[in-house]
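These are my notebook entries on a complex I looked through today. I wrote down what I looked up, one topic at a time.

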Amino acid sequence: MMLPDPAATGLARVRKIEGAALGLRTPAFAPEEGAGDLLEVSLGPHHPSTHGVFRMDVVLDGERIVRLKPVFGYLHRNHEKLGEGTSYLGSMPYTDRLDYLNSMTNNWAYALAVEKLAGIPVTERAEYVRVILAELSRLLNHTCLAGFLMQDCGCSGTPLMYAFREREKILDLFESLSGSRMMCNFQRFGGCRVDPSAEWLAATRTLVDGYGAFLDEFEALLSGNEIVMARTQGVGRLPAALAVNAGVTGPMLRASGVGHDLRKVDGYGVYPRFNFRVPIGRDGDVYDRYMVRMLEMRESISILDQALRGLPGGPILDPKAKQRGLRPKAGEAYGRIEGPKGEIGFFLVSDGTGNPTRYRVRAPSFVNLTILEDLCLGHSVADAVIILGSIDIVLGEVDR
Amino acid sequence: MLGKGLLQGLAVTAKNLVGSYHDPARYVTQEYPEVQPKLPEAYRNFPFLVSETADDPMGTLRCVACQICEKECPPQCIYIEKSKDKKPDATGKAQIYPAVFAIDTAVCMSCQICVEVCPFDAIKMDQEFAIAATDRFGGLLLNREQLAKPNAYYHQIHPTEAAEVDERLAAERRAAEEKARLAAAAKAAAPKPAVPAAAAAAAPGAARPAPAGSTAPAASAPVDPVPPPAPRPPSP
Amino acid sequence: MESPEALRDRLLARFPGVSVELVPNGSPSGQVSLRISPAGLREVARFLRDDAALALDQCSNVTGLDSPDREVVETVKESQPGAPGGPPVVIERKQTRIEPGHLEVVYHLYSVARRHGPVILRARTGNRTDAVTLPSLTPVWRSCEFQEREVFDLYGVVFEGHPDLRRILMWDAFAGHPMRKDYVEPDDYEWEPTPHGEVLAKARRHYPSAAAPGAVQPSP
Amino acid sequence: MTLLLAILALVCLVPAVAAVLVRNLIHSALLFVLAWLGLAAFYLAVGAEFIAFAHALVYVGGVSMVVLFAVLLTRPGRESALPAPSAQRALGGLVAVSLVASMLGSSIFWTRLPSVEPTPPVPLRRLGELLAGPYLVALLLVGLILTVALIGGLLLAAPRRPSEGGDA
Amino acid sequence: MILAAAAPASPADAWLERAPLLLRDALTGWLPDALRPWVAALLSIATILGVFGLLFAYMTLAERKILGRIQNRPGPNRTGPFGLLQPFADAIKALTKEDIVPRAADQVLHFLAPVVLVALSLIGLAVIPFGRNLVAVELEASVLYFFAAGAATELSIFMAGWASRNKYSLLAAMRALAQLISYEVPLLLSMVPVVVVAGSLSTTGIVAAQGGWAAGVWPHWHALTPWGFSAFGVFMVAALAESNRSPFDLPEAESELIAGHLTEYSGFKYALFFMAEYLGMAALSAMGVTLFLGGWQAPLAVLEFIPSYVWFGMKLLLLLLGFIWIRATFPRLRIDQLTRLSWKFLVPLALVNLVNGGLWAVTSDWTGAAGVARWVVSALLVVVPFVVLGRSLTAGYGPRTYRYASP
């Protein structure tokens, strides 16, 4: 069990970061020289619970984590260079492959950025359809998150199977609308590609009506469970100031008590027309992140209900809106939406030709990972696995 | 009281255990090979070329090798070589046809951009997903003969979509004949002196533009055959 | 939130030594950015974060931009002695000039407290070869830590003051910076039989001998 | 009966000797366990079941764990049983033999065993009453010593580093 | 030879009841007297191995089918009708799989660990009374024998962990030891009040003490008395932990240390570990049935006609179903929570239960109003410590209320 002495592993890296004043927890367990046996373990990239090809180099002092370095890049295919090589329309199917659980919100973020860059108006009906699809994607994402998180806590698959059963129903809706369950390639600049039929809207209505009952049952199984509470409460606490400073967005930020939701802050699309609330937590630990996502799903159900009722008629896409030969004027634009995992933004720089000169994706999982080490210091390996699960990362988006 | 949450959890799992025997909303497993999946009409897998009739697929391909889909395909997996000669198409007009039309299904991600940008409804998305090949290189490279499938098959897999496309093409053909008839009548009514007969006959006035392979994609592509019929762009 | 011009003037007044200039944006998005000379970048950033009116406490996005050397063709008016004793003749001569390229980093700042933004900061490096260092803003906003490492990895901008500047996406032994415009993709990757001519041509250059099995032979 | 006892004696002795000779520490610890099982078999042969199972429970369940933990924590698993220089081995061997000889000699020659045949097994209930009756004080004293030893062990093993919350 | 067609005088000599014994006599009847006890012993060993071997096989299938149905999926149904041949398919797979032994491993211990583990969990079954007089070995201190056999399982898990010379398995072996030792104590402590009340250490004596029904309806099982119910709870939780089952399956926690001390095992040895876990679970449940659920006693006087070993089987299957049900529902406890649960909750509860059992034994002759008082006191002695200890255990945890951001 012996290990090279701590000094050799460059362990004594001291985090001289001015952020210390922001309640950044400098590692209270920084190992003094020669403090007992340190065990270097690397969890992943073939570890059953790292949510994809992601590695954490962990140094353990007994059962507690003393140092944790995330290593990724295994799934890097230079998505942004591809964006510079293809036309604006050609990049749309590639955005499905960023956060492959929510292709609808990725498409919307990209379409929003291009519409902002080229000043393309969006039809009324398309705005409502986009909200419906984004909220369905949010339901799908948070249900899967709860399933994976409980799987990391050690449930032998039961919550995950319930989550996947409901996810399949939503994916069937996406497939009957866009043609593919996960790679929808559905949004276009100025609207959506296909106009949802009456049967599709009726099917969505039945799903939305039944989802509340599923959530009640799911929470009865998990939220009150003493073992779940013991495993997740007080684990991986993220102070609000550090969360904002570290660029954390989405349910993680709201779980730390900061009520920042782009649907309210930016008011993009037709979100200002719906009244919905933004749940926020208090301790910012794994339990709060889980509960904030559960409450957010209930808000999404009410948004879906209002959107389905208020869906206007009219064209889904202005036929004269240019898709194929789009050549926006030289300039740049940064468009962002509130994706299920946080703020997903696209920064596009155009020089007047058919291909963007710069196509940058601001991925929420990538930025939310910045404080993984701060959350895990002092916890055990079992907790680090759960903390990573509660951050909800998807490697397609982290590595791009 | 300690354990209340645990008992609640046990109650939920018990309800699911009992529920999975009678509640279809809970027991959703389809045992695949025996139970074939019910594919929604919009389902898409790899593309295929539409030929008007089943008996002579190569002769009646709708594709006129305008190479718009080859340019627009994001992963660049379509490869077209134009034919040297021309062949009359369904409306009798002499058209170029693709001598080589290959799609590398190892690279294609079935994103249906090619269907969206094709102005002639010549390429559509197939619904056949159980595909296997023995060789990684040649086996996944589908050439023109393997891609061509009759319009009847298109009606079979995408009924509503196929109906709309056919009805729109018929409307265009009628408009074309009607315009040709008008031009002929106008010519007959006021015979202009010394107008070479051939020129009159040759100006087809047909709505179908003969794209001279010019790369300037002037035509804005109809978004998708499903939405309301897009106005056909004026001939260049 | 105050207009970019007012903000520029306030910054110029407060930081005399630092050059702050507006970068116009042609697109209808109207997101005008402020280019700041690298010397005073971190002080300006800290001011923007701590200023009560702005309170830009979230750096949402850090992007790298690469503009390579550009050949600029200019018409130069020169006066040459005209006919003897006559007036000098002004002739125009086309002259190509190489404008040196540079690397650029763009920061999108938002305020979570005031719910406004974006304020966009830009900073340019000296050139694309040796003067490629910029001050890191990680000490001001922790969110820049990974994103600046990505710009270093894919563009080659060295961030001075960054706590842990290593490659983040590529493996450490990787040479070169893939996102630069002049990056040449190594062609020793496993040969792929895509029928597309350009790929085939590259493959034939690489394997001149064997005509790759299974490739589509152009029809006779 | 004596044949059975002889076999059992072997079952005790062989692992004990092997435990001393074998180089790997963990192996010797496990061989000790075999020796203790041999002892328990002795009790069974004589018919005192309760004592046999109590002995097995305590030694195989508890004490073997203590020995293994001790071996693990002090010398983490490396076969570092260095051969002691030969002079020391001879001296050690001499001391061991003399000790064994004196013990065996006293038990065989000087102590008078009342009889050779096994005494009738004491019924369990009678054993319980004896323990709760006249021998109660002895039982409580032994219990007291064990608790003191337990608490002492805990204090010694308390985590040395002043850390946030002591683990189990 | 086998007639007794008339209604049996007492349930003891009903034909079906004596069937196993008649079978044994039939089989060993023609042997010379000297050999008879030996062959009888061999017969009982064969039956135990056969019954519990099949029980293990079909318990793996039952677990996967019930777990599947709880998760709304069919569970194995391809091998044989309803997947009934699945256990044999698994066995063949385990046998044919290559048995990889890491070079650095300590060959002897690596091989010995699974063998010892299976042997120990089988030995424990010798003293369990499956039917009215169906017990393999009649011992005076058989309960102690059972726990002595069970105590050595820690040893073999340590051997497995240490012998595979792999960082993960060593960590897992240490965790497993900490867990097993901390749950050995409540397991034994919860058994002591039963012995005190039943007055004997032999399993048949304990089952006999639970005979009879108050007013023909309410059986005298220990689990139906307040102290017995609490002791049964503690025993079952400790049994869960001893056999490394769900909320406590820390050693082979997939999400952390890959497969714990089983990382370096494959092929038939892995199947042996698997078998040992199930047999250990079955043995502990069998002991639980014997100590608390009245062994082979029928729940109602009128139901006595059903043979005793059938009752024992049904109760055992009920408990095993409970194990599977719990595995499907609960997540895993962390190592420090696990040991804290044992030392700060189960052990104190078991100690109070010891007092409660003692009081119950002393006041066994109270009847009428005193009987009611006896029950109330005993119930109080269970509920009060449960609530107090429960509150201290879950200090700091609890459901939370959430607020919403001002728009």
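**Helix pair in chain E.** I found α9(E) and α14(E) to be roughly parallel to each other, a label for angles under 35 degrees, where over 145 is roughly antiparallel, 65 to 115 roughly perpendicular and the rest oblique. The axes of α9 (residues 226-242) and α14 (residues 369-393) of chain E cross at roughly 25 degrees and come within 8 Å. Axes here are lines fitted to C-alpha atoms, for helices over the stretch in contact, with angles from 0 to 180 degrees between N-to-C directions. Helices (H or I, at least four residues) and strands (E, at least two) are DSSP runs numbered from the N terminus.

From α9(E), I noted Pro226(E), Trp227(E) and Ser230(E); they meet Trp375(E), Ser378(E), Ala379(E), Leu381(E) and Val382(E) of α14(E). A contact needs C-beta atoms, placed from the backbone, within 7 Å. By class, the residues of this contact are six nonpolar, two polar and no charged. In that scheme Ala, Val, Leu, Ile, Met, Phe, Trp, Tyr, Cys and Pro are nonpolar, Asp, Glu, Lys and Arg charged, and the others, Gly among them, polar.

I am reading a predicted model, in which local features need pLDDT of at least 70, side-chain atom pairs count only at pLDDT 80 or more, and totals for chains, interfaces and linings use all residues. Residues are numbered from 1 along each chain as its sequence is written, and chains are lettered from A and ligands numbered from 1 in the order in which they are written. For the complex, the predictor gives a pTM of 0.86 and an ipTM of 0.83.

I checked pLDDT, the predictor's confidence in each residue from 0 to 100, for chain E: the average is 87, and 96% of the residues score at least 70. Residues 1-6 of chain E fall below 50, and this stretch has three contacts in the model beyond near neighbours in sequence. Where pLDDT is low, predicted coordinates should not be read in detail.

**Chain E overall.** I counted 14 helices and three strands in chain E. Its radius of gyration is 23 Å, close to the 22 Å of the globule rule for 407 residues, so chain E is as compact as a globular protein of that length. That radius is taken over C-alpha atoms, and the rule is 2.2 Å times the number of residues to the power 0.38. Along the principal axes, the C-alpha atoms of chain E fill a box of roughly 75 × 60 × 40 Å.

Of the 407 residues in chain E, 46% are buried; that takes 20 or more other C-beta atoms within 10 Å of a residue's own, while 12 or fewer is exposed and in between is partly exposed, with C-beta atoms placed from the backbone. Helix α5 (residues 142-151) of chain E is mostly covered, with nine of its ten residues buried.

**Chains C and A.** Here I found 31 residues of chain C in contact with 39 residues of chain A. On the side of chain C that touches chain A, β3(C) gives the most, with six residues. The residues of that side divide into 15 nonpolar, twelve polar and four charged.

**Positive phi.** Most residues other than glycine have a negative phi. I noted Asn78(A), with phi near 55 degrees, in the loop between β3 (64-71) and α1 (79-85) of chain A. Asn78(A) counts as partly exposed, with 18 C-beta neighbours inside 10 Å. Gln67(B) has a positive phi of about 60 degrees.

Notes. Two residues are in contact if their C-beta atoms, placed from the backbone, lie within 7 Å.
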